[in-house]
Amino acid sequence: MRLPAVVPELIVAAACLLLVALAGWVRGRWRAAPAAATAAVLAAALAVTAASLGAAPVPAFEGTYLVDAQAQRFKLLILTAALIALALSACHFRGRAAEAHAPAALLFATLGALGLCSAVDLGLVLLFLQITSMASYVLVALVRSDTHALEAALKYFLFGAAALAVMAYGLTFLYGLTGSLDLRTIGVRLAEADRGWVAVALVLALAGYGFKAALVPVHFWAPDALGTAAAPVAGFLSVVPKLGAFAALARFVVEALPPAAVDWPWLLALLAAATMSYGNLAALRQQRLKRLLAYSTIAQAGYLLTAVTVLTRAGGADDALLFYLAAYLLMNLAAFAVAGSLELEGDRAAALRGLSRRTPPLAAALAVALLSLAGIPPLAGFAGKVLLLEAALDGGMAWLAIVAALNMLLALVYYLRLVAWMYFQAPDTTIAAPRAIAGFAAAGLWVCVGGTLLLGLLPGVWLPSG
């Protein structure tokens, strides 16, 4: 095993163990220590990952773990998103009972997502999915006085347990068909396996990947969990586990599913069309901002799955996926950051009315995030959507590109409606002014806004071919 290749994961894993003890011990003003330690750990892991970009692929743990260029780029996004989410959540939980425990749970979820990027063994994939899931359940239930959040966490746990159990059953089919847990070996041996059983195994295995990515039909946890969790937690859960899930799913379909065994692109294309359509249609009638954003994340997962669908058919599909994930993490975290300032008033979307007159900076930040999610140029979301549509067309999925384009037009209705409320309607005097965002939370918010603008204007900053 080559330890230098897995230094970021080792740093995060060691910190997770230390934070469990530290979070239970600190009292008073020392409750901020776990957040500070977590920030240092994430920054160190991010620096090591960035320094190793472009290095040759390195196997580790007897070949069950592969650190390659694709994994490193995914990990860079995950660590960046976790660091921004930590800044938002640390400010949110300051002075509360969960202040010391939130960073530990966040770091465990991040560790699981990092592992999903490099795992090439089905046992490890399932293990890292479980690590991410268990930490996510804790994050939703952090505020024990919030009965709605506790109920959502219980539903999340039960749904997750069922989805991952179904996935594990599907993975046993793959092992039975091939006698191996290694993705690359499975990909070779499945070419001669019975197509019917391969299809059954694929459908069952997709339950776990789809659960973390919030894909239809295993998306039901998302509206309740993201709609009731604290806004910074909801932002984290909508981004980091999804990054890990798409990294693992992309590796799974490319390496373990030969086209001769099963026509998986068409199955994923149908899932992508159903996911984006359901998410957008459900978001149209939402009156609570976080719940609307939760359905928006489902729709965004459908767009992202479009790139996965054509990974083996279009040369630029991997770049399109990674670029849109980078844009997605910035604009989604920014949207949830502003949503956190409205939580005191029941998270009503009506609180956005006249926001530009009450707090112009917050209105501007949310407008950039929403317009980018809607795909308005010259923001990052527009560039990302163009890349996704080009990849779908290049991969011979013109019908899917048309469905995605129609969904993007449909999404304009609810995104632009919120922007119109902020800038063209008078404030609702019965609703208190939004809570101010300051300190590290403000820094995290404006990093997201600046990154959204930068990626939109200069997409080559992230695209390798740029």
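Begin by selecting the loop between strand S1 (58–60) and S2, where Glu 62 is placed. The structure on screen is a predicted model. Display the backbone of Glu 62: its phi is positive, about 55°, although the residue is not a glycine. Most residues other than glycine have a negative phi, and most peptide bonds are trans.

Next, select Tyr 65, in strand S2 (residues 65–67), together with Phe 128, in helix H5 (residues 122–140). The two residues are 63 positions apart, and their pair links distant parts of the chain. The ring centres of Tyr 65 and Phe 128 are 6.3 Å apart and the ring planes stand at 55°, so the pair counts as tilted. A search of the whole structure gives 15 aromatic pairs.

**Two helices side by side**

Move to helix H1 (residues 7–25) and its packing against H2. Two packed helices are described by the angle between their axes and the distance between the axes. For H1 and H2 the angle is about 175°, and the axes are 9 Å apart. The two helices are therefore roughly antiparallel. To see the contact from the H1 side, select Val 7, Pro 8, Ile 11, Val 12, Ala 15, Leu 19, Leu 22 and Ala 23.

Of its 16 lining residues, Ala 39, Leu 86, Ala 87, Ala 90 and Phe 440 lie nearest the centre. H3 provides the largest share of the lining, six residues. By class, the lining consists of 12 nonpolar, two polar and two charged residues.

**Two cavities**

Rolling a probe the size of a water molecule over the atoms shows where empty space is left. Across the whole structure, two cavities of 30 Å³ or more are found.

For the largest cavity, select Gln 70, Phe 74, Ala 250, Leu 311, Asp 318, Leu 321 and Leu 322, which line it. The space inside amounts to about 40 Å³. H3 and helix H13 (317–340) each contribute at least two lining residues, and H13 gives the most, with three. This lining comprises five nonpolar residues, one polar and one charged.

For the second largest cavity, select Lys 212, Ala 214, Trp 221, Ala 222, Leu 226, Leu 237, Ser 238, Lys 242 and Thr 297. The elements giving two or more residues to this lining are helix H9 (221–228) and helix H10 (231–256). About 30 Å³ of space lies within the second largest cavity. Its lining divides into five nonpolar, two polar and two charged residues.

**Two cis peptide bonds**

From H9, step back into the loop between helix H8 (195–213) and H9, where Pro 217 is found. The peptide bond from Val 216 to Pro 217 is cis, and its omega is near 5°.

End the tour at Pro 378, in the loop between helix H15 (360–374) and helix H16 (380–394). Select Pro 377 as well: the peptide bond from Pro 377 to Pro 378 is cis, with omega near 5°.

How values were computed: Residues numbered from 1 in each chain as written. Predicted model: local features only at pLDDT ≥ 70, side-chain atom pairs only at ≥ 80, totals over all residues. Heavy atoms only, no water. 1 Å grid on protein atoms, 1.4 Å probe; cavity = no way out; pocket = protein on both sides within 12 Å on 5 of 7 lines; lining within 4 Å. Helix = DSSP H or I, 4+ residues; strand = E, 2+ residues; numbered from the N terminus. Nonpolar A, V, L, I, M, F, W, Y, C, P; charged D, E, K, R; others polar. Points joined across faces, edges and corners; volume = space filled by probe spheres on them. Axes fitted to C-alpha atoms, helices over the stretch in contact; angles between N-to-C directions. Parallel < 35°, antiparallel > 145°, perpendicular 65-115°, else oblique. Contact = heavy atoms within 4.5 Å. Phe/Tyr/Trp six-rings, centres within 6.5 Å; stacked < 30°, edge-to-face > 60°.
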